Amino acid sequence: MRRALALLGAALLSTAAAAEPTEVTVRVIAQDAKFIGESMGSAAIELRDAATGELLAEGRTMGTTGETALIMESHPRQTAMSDGQSAKFTATLDIAEPTLIELTAKGPLGRPHSMLTITQQRWLMPGEPLTAGDGWLVEMPGIAITPRVQMTVDGIEAGAFIELMCGCPITPGGRWNAEEYTVTASLWSGSDKLFERELAFVESPGGYAARIPLSAGGPAATRIVYHARNSRTGNSGLATLPLE
């Protein structure tokens, strides 16, 4: 009898410890915009056991930025913003007990000057998928800036291409209206800001430029910092280039 109870107890423990496949879908959406997908180099995803740090899955969001109207136009609560092609990362985690999962998303990988990393946590139950609706949806703040600088004999030609983190275009009067964005270029030496100038919108989509006289920063300037900000939402981005 004791042997039978011992075997039953061992079987129960074995069953309790067995991991169950648990499917998780992750989507990363740009603040005030659409999903971060392949057109921007995707977002890198890591899923870890928050208690132990063990890496459970990693990959990239694959797919499109999604359907503009479905995402950007008002919709009832609990209505998914994604469609079948919207960028996502899906993994199957093997967990044996309720597990606090830590998600890390880094991107957009195709805009290295503007990449950000965000972290979020949530509990998962073994065998209960997290795939309904948009799945595990996280928001990536920021504005992607592709900077350029050209040194001339008497100054600096400063330019920047500005877009949302999903690659959505900034245009005059468009859904992402150029009039709502302020873009500046500043010259720095260490922690000292030597000069700042606002860039003008010169080309659609998202092209900004200005000329900075060489005397503005003098030989002390070591880097140029581009900063973009949306006056309506407060969303912002930054990129830095060294001056040689």
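Is E46 buried, partly exposed or exposed? With a relative accessibility of 27%, E46 counts as partly exposed. Keep in mind throughout that this is a predicted model.

**First stop: E46 and R48.** Select R48 together with E46. The two form a salt bridge, and their closest N and O atoms lie 3.2 Å apart. R48 is partly exposed because its relative accessibility is 27%, which falls between the 20% and 50% cut-offs. Side chains of opposite charge can pair when their charged atoms come close.

**Second stop: E157 and R211.** Now select E157 and R211. Their side chains meet in a salt bridge, at 3.7 Å from N to O. This pair links distant parts of the chain, 54 residues apart. To see this, colour strand 9 (residues 155–164), which holds E157, and strand 13 (residues 207–213), which holds R211. E157 has 29% relative accessibility and counts as partly exposed. R211, at 35%, is partly exposed as well.

Move to K193 and E196. Here the closest N and O atoms of the salt bridge are 3.5 Å apart. The relative accessible area of E196 is 44%, so E196 is partly exposed. K193 also counts as partly exposed, at 45% relative accessibility.

To finish, zoom out to the whole model. The structure holds seven salt bridges, including the one between R48 and E46.

Definitions and conventions: Residues numbered from 1 in each chain as written. Predicted model: local features only at pLDDT ≥ 70, side-chain atom pairs only at ≥ 80, totals over all residues. Heavy atoms only, no water. Salt bridge = Lys/Arg side-chain N within 4 Å of Asp/Glu carboxyl O. Buried < 20%, exposed > 50% of the residue type's maximum accessible area, 1.4 Å probe, protein only. Helix = DSSP H or I, 4+ residues; strand = E, 2+ residues; numbered from the N terminus.
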